[in-house]
Amino acid sequence: MLTTIIYRSHLRENVPFKALEGMVASANIKNRQADVTGILLFNGTHFFQLLEGPDQEVKAIYQTICEDERHTNVVELLCDYGPSRRFGNVGMELFDLRDHNKSDVLQNVLDKGTSKYQLTYNDRALQFFRTFVEATEKENYYQIPDADSWDFIPSDKPYCIDPQNLPANADCRFAFQPIIDPLSQEIMSVEALLRTASGESPKAYFETLSGDEVYHADLKSKETAFALAAALQLHDQTLSVNLLPMTLVNDPDAVPRLLQAIEVNGLIPEQIIVEFTETEVISQFDAFTQAVRSLKAAGISVAIDHFGAGSAGLLLLAQFQPDRIKINRDLIRDVHKSGPRQAIIQAIIKCCLSLEILVSAVGVEKPEEWMWLESAGISLFQGHLFAEPCLDGIPAVAWPEKKTAL
Ligand code: C2E
Ligand code: MN
């Protein structure tokens with residue numbers, strides 16, 4: 001089996017073009033030993049390379065390429081498997097697109113092909129060549145700075161609830177995590193995350209319950225969440241709470257009970273966002289949408305959490321449009337390095353823009369993930385990069401500050 005990897009990258013500014021010839025020569029020796037062939041294109045700023053060969057060898061060489069300091073923003077566009085090589089010549093030459101006429105450059109590239117059949121556009125790999133050569137996707141090649149070009153500087157201190165003000169008889173606790181706009185240095189919202197009495201995860205909390213107990217506990221826990229939020233003095237920030245969709249359906253009084261708990265704690269419905277994760281099939285969709293309508297009628301906003309993961313996907317969005325969508329770590333992990341993740345997130349952003357739905361990213365851990373997502377148009381973030389959830393309080397936020405060149 002042959003593995004094909006295609007990536008795109010950006011030549012570092014301080015690397016002279018001349019240095020590339022040496023680089024290609026030494027890479028060729030290694031590639032030949034590993035039986036890896038392909039073609040390397042350069043357009044004056046960006047590289048585009050196809051590597052083909054045995055799986056392990058292609059991946060090992062790609063790993064070395066990713067670590068090469070002479071280029072940045074290495075994005076894997078394709079990883080695929082096929083029966084035969086497209087570019088089988090040993091010795092991978094550097095094909096400089098600038099040396100060719102625009103009209104026949106693509107044909108000149110394809111002429112380098114060694115496949116016994118005519119290289120055709122039915123092939124995804126070759127479609128990638130066309131888009132690179134014709135530069136039709138160039139506006140999506142975000143140039144993000146190195147991770148260490150930012151400092152993350154914690155704001156003063158966390159805000160913890162006075163232990164005397166913690167609800168005495170609750171069987172659960174909450175950790176709070178801010179949702180921030182890093183560039184304007186504003187906390188836009190705070191999410192209440194369920195914890196067991198000993199501070200363990202929501203999963204641990206729900207595991208001890210069975211059947212309808214899960215929905216009762218989920219709903220009841222929100223009374224604690226609202227009481228804690230009142231003690232946190234949110235000012236003009238909104239409060240996000242999570243609910244299983246079926247929690248709203250299971251109890252016909254769920255919405256009035258939520259509204260009552262909001263009022264009792266001196267909060268207002270317009271301040272509250274209810275986030276749904278579709279971890280289980282919504283078996284009574286009509287009852288669910290009816291409950292959502294009641295929430296909306298009371299002034300509460302609604303978000304779809306973990307959008308794109310599991311079944312919280314396009315069909316749900318077709319059936320019901322929330323105020324917000326949260327993309328979580330499953331999709332944004334290493335987005336700066338992955339063509340497929342970039343394409344999916346750009347499509348979600350575009351779709352949400354058309355529907356006037358606010359998009360945020362959850363689980364941001366790396367500066368590069370954040371910078372890529374900002375470039376793509378997201379401005380609301382939640383993640384360990386900025387603040388980890390804080391039990392019984394709001395954590396200090398590490399705000400990004402651009403390092404100034406010395
Ligand atoms: P979620 O609503 O997407 O909440 C964010 C989760 O991601 C939290 O996990 C948080 O600790 C974690 N997280 C935040 N930033 C990062 C990061 O940078 N990296 C990583 N690896 N993780 C990060 P947690 O608190 O364990 O909650 C897990 C899920 O449990 C929540 O995901 C939510 O779907 C659910 N959940 C939380 N509270 C409740 C609740 O009151 N009711 C229900 N039904 N579900 C809840
Ligand atoms: Mn959530």
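Which of the 25 residues around ligand 1 come nearest? In this predicted model, they are Arg-195, Asp-218, His-306, Glu-365 and His-384; a residue is taken as near a molecule or strand if one of its heavy atoms lies within 4 Å of it. Residues are numbered from 1 along each chain as its sequence is written, while chains are lettered from A and ligands numbered from 1 in the order in which they are written. Because the model is predicted, local features need pLDDT of at least 70 and side-chain atom pairs count only at pLDDT 80 or more, whereas totals for chains, interfaces and linings use all residues; side-chain values use heavy atoms, with hydrogens and water left out.

The secondary structure of the chain comprises 13 helices and 18 strands. Helices (H or I, at least four residues) and strands (E, at least two) are DSSP runs, numbered from the N terminus. The C-alpha trace spans about 75 × 55 × 35 Å along its principal axes. Of the 406 residues in the chain, 49% count as buried, where buried means under 20% relative accessible area, exposed means over 50%, and partly exposed lies in between (1.4 Å probe, protein chains only).

The space taken by ligand 1 is the largest pocket. A pocket is defined on a 1 Å grid over the protein atoms alone, as an open set of points with protein on both sides within 12 Å along at least five of seven lines, whereas a cavity is a set of points where a 1.4 Å probe fits but cannot get out; lining residues have an atom within 4 Å of a point. A molecule sits in a cavity or pocket if more than half of its atoms lie within 2 Å of its grid points. Two or more residues of the shell around ligand 1 are given by each of strand E8 (172-181), E9, helix H5 (202-207), helix H6 (213-232) and E10. The largest share, four residues, comes from E9.

A nitrogen atom of ligand 1 lies 3.1 Å from a backbone N or O atom of Leu-194. An oxygen atom of the ligand is 3.0 Å from an N or O atom in the side chain of Asn-242, and a backbone N or O atom of Val-364 lies 3.4 Å from an oxygen atom of ligand 1. On its own, ligand 1 has 800 Å² of accessible area, of which the protein covers 80%; such areas come from the Shrake-Rupley method with a 1.4 Å probe, and for residues only the protein chains shown count as cover.

Asn-242 also takes part in the metal site. The manganese ion (ligand 2) is coordinated by Glu-191 (OE), Asn-242 (OD1), Glu-275 (OE) and Asp-305 (OD), at 2.0 to 2.3 Å. The spacing of these donor residues in sequence is E-x50-N-x32-E-x29-D. Glu-191 in strand E9 (residues 186-196) and Asn-242 in strand E10 (residues 238-243) are 51 residues apart, a pair that links distant parts of the chain. Donors are N, O and S atoms within 2.8 Å of the metal (3.2 Å for Na, K and Ca); water is not among the atoms, so sites may look incomplete. Glu-191 counts as buried because its relative accessibility is 4%.

A polar atom of the Lys-222 side chain lies 2.9 Å from the backbone oxygen of Asn-242. With a relative accessible area of 3%, Lys-222 is buried. Strand E10 also contains Thr-238, which is buried at 16% relative accessibility. The side chain of Thr-238 has a polar atom 3.3 Å from the backbone oxygen of Met-188.

Other residues were examined elsewhere in the chain. Tyr-62 lies in helix H2 (residues 55-67) and is buried at 8% relative accessibility; its C-alpha atom is separated by 41 Å from that of Asn-242, 180 residues apart along the chain. Leu-50, in strand E3 (residues 46-53), is buried at 0% relative accessibility. The C-alpha atoms of Leu-50 and Thr-4 are separated by 6.9 Å, although the two residues are 46 apart along the chain.

Note on methods: A polar contact is a pair of N or O atoms within 3.5 Å; within protein, one must be able to donate a hydrogen and the other to accept it, and residues adjacent in sequence count only if both atoms are side-chain atoms.
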